[in-house]
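Thanks, everyone. I have one structure to go through today, starting with the whole chain and then turning to a few residues.

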Amino acid sequence: MLFNYKYGGQTNVVSNANQTAMSFAPDTLRQPTFFVGKLDKKISFREAISALHHVVVSDLRFKPKDKTAYKEWAAQQEAIWLSEYVESLQIDKVNERISQVRQELNEVYKEKDKHLGPFNKAKRTYFDYLYEKDKDAWFVLDPVITVHPDEVFFECFSQDESTYGKLSCSYNVFKEINEFECGTTNIDYSSTLYNEFQKIRNYKETDFKIDPSGFEVQTTNEDSYKEVKIDLPDSWVRGFLQVSSAMTLPASTFHLHPLDVFSLCQFLRRFKEKASPRSLRFVLEPNKPIKIIVEPWNKELIFKRSIYGGDKPQEVRLWGRRRLLILERLIPIAKTFKVVLLGSGLPSFFIADLENDMSFTLGLSGWTANDWSRAGNFDLMAPRAEVDSYTQQKVFNGLKQNWFETSGALARRLNLDTNIVSSALAAYTQAGRVIYDLNLGVYRVRELSRDPLPMEQLRFASPQEEKATKLLKENKVQVTTEQKGNGILLKGKVVDGGRTYHTTVLIDNDDRIIDATCECGFFLVNKLRKGPCEHILATRMYWNLIKPQ
Amino acid sequence: MKLIQQVKLFFQEGTSDKVYEIDLCEVGTDQYVVNFRYGKRGSNLKDGTKTTTSVSLSKAQSVFNSLQKEKTDKGYQIATDDSQTTVVLPKPTKSPTNTLEGAILQRLQDAIDGKNTFKTVWKVSRVAWKVGIIKLQEAVPYLLKLVDKGDKMQCYCILWALARCADVKALSTFQTNYANNSNDDNSRKIALEGLLRVSPAPEKQKLINSLVERLPQAMQECFTGNRVADIESIVLSRIAEKQTEYIFLETLYLLANEHPILSKILVKALQLMPIRPPHFKHIRSIYKLAELREDVLILGTLSYLFESKPHMYQSIKKSWRNSRYVSELGTYIKVKDEVKSKNSKVAFSDATKAYLQRRDLKRLKNAGNQTPQEYIKLATAILLSYTKEDYTEAYMESQGYGRWNYQTRKYTHTFVERPECANKLLLNLILNGNNKTMRFVENKWQKGEPIVEVSSSWYGSTKKIENPKTPIQRVKEYNGNNERVELYPEKWDEFPQAYIQLLMQGKNGLVHEFAYKNLKSHAKSKEFIDKIDKSMIKSLVTSNHSIPVFFGSEIIKERMANGVDIELIMFMLSSPVYEAREFAMTVINLQPNLFLEDTSFITSILFSPYKEVRTWSEAFLGIQTLQAEKWQLVVGKSIAKMLGETLDSKALTHAHFALKKYAGLALEKLSWNVVLELLDSPVAENKVFASDILLLKSNSIKAEDIPFKIVSGFLGAESEQMRNNGMAIFAKYSDQNLLKAHEMLGQMVLSPHTSLRDSAIGIVKKLIPQSTDFSKQICTSLLIALRRKETYENSHESVAKLLLNDLESYLKEVELKDVLDLIYGNYRQGQLVGFHILGKYIDTNDMTLRQIIALANHELLAVRHWAIDYFDKNASRIRYERNEAIRLLDAKWDDTRLAAMNFFRNHFTKDDWDVDSLVSIADSVRSDVENFGKELIMKFFEEEDGEQYLIMLSQHPSASMQLFVTNYLERFASNHLERLKSLEFFFRSALMRVNQGRIAKDRIVDFLEKEATNSEETAFWLVALLNDMVNTLAIQDKARFIQLLQKLKHLHKNLKVAITFEPLAIED
C-alpha cells in the first residue's frame, strides 16, 4: 500500500546549554494540524517519548546470521587443511612440491588482494558513507500525531508489525500553549531525533511545536518540503488496524505495580529461553494476587501487591513477551500499569499511567511474527454488527464535533441506541479512522491515513484465509483431536466443492502449526511453503472455537 | 397473462380446412403455460391447455415445440400473419416418369401421398436437393407442401431448393421459416437468402436495412455514409483481433449481392483467416451460401483455401476411442462431443477437409459439363487464388531405400518425377488435366512412369531433373509451339479475355505461363493485345511477377515502333523487375532531351524506390542541365509529393539530397509557407529538409529574420542534422542579438549533443569579454545547472570548468545563500565550485556560527577542514559565542569531533567555561563527547558549583552518567533533605534500571542508608521508595532492602513499612 507524505521541512530538535526546541514537521497534504507550546513535565515526557522510539525501531523478527564471509573463508581454508593433512602422510618430495605450490598460491592471493583491495576498501567506505548520510532511510513509517482538545497523542507501530505504541499527553504536560488546531497528521521522524530527545532537561526551557508554518502558502523554495513515498506492506497496515480494533473488545483488566513489571523484565533479561513453549501464563483468580508463570521453566512470579478484581478465574497465555522490555524505561516514572488481556494468543495492552498527565499504551499483537504458523487464529477485522452507512456517517460526524466522547454520551446526543453507536464506532476503528482510548474509555477521531484505507484488501491476510472463514461459516468442517507427543493432532474433514478433504494439523505447545497435510491441489503443489491451504486453516480455526480454554 | 410466443397452423386438404393455434404465455415470475385452440376455419375454436399447472420457461418451451411438431408432422402448415396463402397443388401433370423432371415430380407426389412408385427409396431431402440443382420450377408447389413435414434436413433441403428456384410463391414459407426461432440456424439462413431473392423491392430494402443494423457500429456507418469500400480495413482489423464475434462476415456476404465490392473484401478476408474455430463455422456458412448463389469468386477462393490449408486434427471414426490429442491446442479433446458444442474449440478435421475437397472437385466436374462460360469462370477464380509461394519446382523423388533383388543380386531403386506444384490438386488438374503423362497419386501429381535403377549400393544416388526451367525462362524461349494439355482447351479458347485476366490478376508463375502461351497462340491474339490500354500496361509492367512484366514490356517495345511514349517508359522505370527498368534507362539515355522536357518525369526519378534508378538519376542529372524554371517546377511538384504521399524513406532522402544538390537556387526562393508546411509534416525527414532549406535561405536573408522560435525548435530536435542546421543559422546572428539570447545559450551549453554544446561554448567564450550583463546571466544559469541533475555524463564537470576558467571574476558576486545551496547540493562538482567560492570570496564574518558548524558536518573532508580551520583562526569569536560553538562537538564525523575536542582543549581556559556549557557537553549522547564533557568537568570543577552539577547531571538518562553522579552525592547531598527530594527521579531511575548499574545502585543504597539513619525526616521520605523497591525479584537487592527497612523500622517505630516482621519461633 503506497503512502505519500509531503512534510513542511524537517523535524528537528535543537538544544544548547539553555534551551531545547522541538519542532515536528507535519504532513502538509493533510488537514492543517498543529500545536505550539512549551513542555512542563520535561523528564517524564523524555522518558515516555524515548519508549515510543523503542517501539518504532523494535524488530524482534528472527534474523539468521550472515555466514557468507565465513563460508568463503572456510572453503579456502579447507584446501589448506587438506593439503596439511596429506603433507603429514607423504614423503619429502611431495612436501616440497606442496610448499612450492602453496607459495605460488600465496603469491596469487597477494596479487588478488593487491588488485581487489582498493575496491573492497572503497566499497566499505561507500557503505559507511551511505549509512551516515541516509540513516533515516532505515525506518518504515513515521509516527502519527493527533491533537485533540484535551490531549495530544503520538502513535506508532513497530517494524516487525507486532507492537503498537501510543503516548497521550494531556495539556497539563505543557505550559504556555499558544495555538493549536485539532486533527491528525504524520510527522517526519528520524533516528537522530532520539538522540536529541535525550538532551531534554528539567532546567532547560523546552519548546514543543508541531510546526504550523509548513501549512502557510509558499511560492518559492519548494524544496524546503520533504516528500516521502512509503510502500507499506499490507500486513503492516492490517496489523496496526487489528491491534487498534482489539481495543474495543471486552477484556479482562487488572493493574500491576511498576515493580512487578520491573521484576518481570528482570527475569526476562536474566534468562534466555531456548526451547518452546515461550509464553507468559497469566493466572487470574478473583481477589488473589496475580500470578505469572514463565515458561518453559514454569517459574511462578506472584505479585502480591496486584490483586485481580475480576469475578471469574481465568488463565491467559501471552507470546512475544520480549516486547515487554520496551516498558523498562517507564518503570521509574509510572504510577501503575494497567493490563488489558483479550485472551490467549490475542492482542494485549499495557498502559503505563505516568503521573496522571500522560499515559503510554503498549499494544502487542498475539505473536511477534505475523507468520503463517499462527494464521487464522483470530479474526479481529470481522464486522461486529450491521449498521447502515447513513447512521455510521452520522455517528462519525457526531464524534467529529467533539473529537472525543464515550459511546454512551454520543448516543444520548445523537438520540441513538448505545449499541448502534458502539458498533458503528467499532467499524470505524477497524477502518483506522477512530481509536478507542483504553485509558479514558472514550472514542477519539483519528484518521490514520489521508485517504480511507481499502478495507476489502485488508480484511483477510490471504485468499486462503478468506475461503477458510467461508468454509467455517457454512459448517463444512469436522475435527477430531488426539494427543501426540508434546502437541495436539487435529484430524479434519473439510467439505469443499462437493469433495471431502482430509486434513491433519499438528499444533505445538505454543499453539503453533508445526506440521500439516491436506489432499487438495494447493497443498500437493506447494506443501507449506506458501502457507497453509484453506482446508488446513479451516481445521485450525475450528479447533480455536472448540478448544478448552 | 402475457403472450410470449404464438404459432398458427392450418391444414387444407380436400374438403378439410382447419386451424390449430398454440400460445405460450407468462402467468407470473418464471411461471408459464401452453394453451391451444383448434377447429374449423372461421368457426368458434375449442381451446385447451397442455399444462395443468404453470411450469418453467424451458419446460413450457419444450411442450410448445413438441406440440407444434406433432401437428406439422400430421400435415399442418405454418400460417403467416393474416394473408393466408394456401397452397393448392396443381393437378399432377402426366409428365413421363422416365425423364429426370418427371421422376422428380413423381417422387415428390409420392412423398405427399405417403406411397412409393419406384423401386428405389429416396429421401425427400435428396429429391429436394436435386430440384435445387436443376432449379426445377414446377416442383415448387410440392416442396411448399412438404416443407413443414419431416425432419430438419428435409426442411433445410427444401428451403435450399426453393431459394435456388427463387419462386415468389415461396415468399410466405421463407417468412415463416425465417421468423420461427425454433427452426435451426442453417435453415433460417437459407430462408433469409430466399427472402432476399423473392421479396418485392420495399420489403427487400427493409430486410437489407435490418441486415445492416446487425453489423458492428463502425461498419454500419460505412453503409450510411456510402463508403462501403471502407469496410475493408475494418473487416481486416476485426479478423486480426482475437475473441471477437465474426458473424458479421455472414451478414456482409448476404449483402454482397447489393454491394458487389463486399465479395472482393470477403475474398481478402477469407485469405487471411485461419480455417480454425471460431472462424470456421462462418466460413462454412459462407461456403454454403456461395454454392447456393453459384458465386465462383468465393467458391474459387475457398476451393483453393481448403486445398492448401492444413487440417486441424485427425477425426475419429471408431467409437471405442473418444479423445484425440490436438497439438494446436496442446491438449486432449473429446472431439466427438466437442464438435457438437456451440463454441467448439476444434473444427476442420482431415475428414472435413477431404469432404470439402471432394465437393470442390465435383463442382469443377459439373461445371465442365455445363456451358463454357461457367467452367471458365470457376476455373479462373480458382487459378487466380494460387500465389507465388505456392510455386514449387519439379524434382525427382526417391521411393525409399533400394530393394534387394535375389536374381540379379543387386538393389533396385525407384524414382518418381514430380512436376511443378506437385501437391496442388486443382491447379494441375485445370492446367494439366489433359496431359496423359500426369497422374494424381497419393495426394500428389506425378509425371510419367516411375524410373527404376539398378545399383549394387543400398543407397540410391540422388537423381535430379536435368536443366529444369522456370516458367519465365520457358516464356522467354517460347516460339509459338504450344502443346495444349489443359482441361477443355476449346472452352478456354472461347474466352481469350480470361487469359488477360489471368495475366493481370494471377499470382502464380504456372498460371501466367499458361495464360501467356495460350494468348500468344490464340488466333485472335493480335486483336486482343492491341486492345490493351495504357492503364492495363501499367498494371502489367508494375506487377510483382516476371511474366506479366515481360508481357507488358513486350507490348511497350512493340509500340515503340510508333515513337517513344514517355508515359510507358516511365511505367517501365517503376517496374519491380530489373530488366524492365534497365530497358527504360537505356531508352532514356538515348533521347534524354525528350524526357527532360517532362518535369513529372524528373520528379518521378528523384523519388524512385529502386536504388539503381536513383544512382542512375544522379549521374543523369549531373550530365544534363536543366533550366532554373524547370527546377522550380520540379521542386514544387516534389514538395507536393513529400507532403501528400507516404514515401519510402530512402527515396525521400534521395529526393532531398538531389534537390539540395541541383536545385539549391530554387529552394532558396521557396516561400515561407511551403517551408512551414514542411516543418509541420509528420515525417521526420521532411522537417530536416525544411531546416536545410532555411539554412540555404539564410544565405540570402538575415539570420535574425528567421523566426527565433523556429530556430530554437531546431536546436531541441531529435535529428542531428537539424540541430546542426539550427546551430549554423544561430551562429550567423550578430553578436548584438546573440547577447540577448543568453537564456538560449545557457541551455545549449548544457545540451546533451556534443556538437551543439561545443559550438555554444565557443560562442559563450567569445561573448563573455563583451558584456558583463551577459556574463552574469550565464554565470547564474550555470550555477543553477550545478544544482540540478546532469544533462549528460560529466556535464557538471565541464560547467564547473567553464565557471572557474572563464567566469571566475563573476563568482565573487555570488551570494552566501547560493553558495551554501551549492555546497549542500547533491552533486559533487557543484559542492566543489561552492566550496571554491566560499574559500575565496565569502566574508566569513557574515556567516553565523551555526552555518559554520553545519559545514563542519559536511561530507567533503575539505569543507570540514575549512570549518575547523575557521575555528582555529577565530578563537575569540568562538569564545564569545561559546554556547553555540559547543555544538561542533556533536558533529557526526569522527574527525570533526576529534578536532573540535582538540580545539576546546587548546583554546579554552577555565574562565571560558561555565557550568551550563560544561554540562551541556556532558549531556551529549555520544560516549566520546560525554567523556570529554566529564573530563572537562573534572578539570574545571569548582567546589561552589558542585550542587549545580549534581542537580543537572542527575537528569542525564545514561547509566554511565548516573554512576558519575553518584560521585557527587556524598559531598553535595548529605544532610539536605530538600536536595534529596529533588533527586528522587535520579534514585528511582538508577535503582529501577533492569540488570544494569550495579555499582551505582549499591552506592545509592549505601548513601541512602546513611542518610536515613542520620535523619528521621529523611527516613520518613525514603520509606516510600523502599516500600516500592522491596518487592524486587533480585534476591541480592531484596535482602538489602529488607534489611534496610528493618533497620529503619527499628529506629523509627512509626515508620510504615511494607513488610511485617515476625519473630522466628526458635525450636528447642
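Chain A has an accessible surface of about 26300 Å², and carbon and sulfur atoms hold 51% of that; areas come from the Shrake-Rupley method with a 1.4 Å probe, and for residues only the protein chains shown count as cover. This is a predicted model, where local features need pLDDT of at least 70 and side-chain atom pairs count only at pLDDT 80 or more, while totals for chains, interfaces and linings use all residues. Residues are numbered from 1 along each chain as its sequence is written, chains are lettered from A and ligands numbered from 1 in the order in which they are written, and side-chain values use heavy atoms, without hydrogens and water.

Of the 549 residues in chain A, 52% are buried, meaning under 20% relative accessible area, with exposed over 50% and partly exposed in between (1.4 Å probe, protein chains only).

Now a surface site. A:L82, A:Y85, A:V86 and A:L89 form a nonpolar patch with about 430 Å² of accessible area together. A:V86 sits in helix α2, residues 68-89, and is partly exposed, at 33% relative accessible area.

Next, A:T163. Is A:T163 buried or exposed? A:T163 counts as buried because its relative accessibility is 0%. A:T163 belongs to strand β7, which covers residues 163-170. Beyond its neighbours within four places in sequence, A:T163 has contacts (heavy atoms within 4.5 Å) with residues including A:V55, A:F157, A:R323 and A:L364.

Back to the chain: 68% of contacts in chain A with a separation of 6 or more are between residues 24 or more positions apart.

Notes. Helices (H or I, at least four residues) and strands (E, at least two) are DSSP runs, numbered from the N terminus. Patches are made of residues with over 30% relative accessible area and no salt bridge: like charges are joined within 9 Å, nonpolar side chains (Val, Leu, Ile, Met, Phe, Trp, Tyr) within 5 Å. A salt bridge is a side-chain nitrogen of Lys or Arg within 4 Å of a carboxyl oxygen of Asp or Glu.
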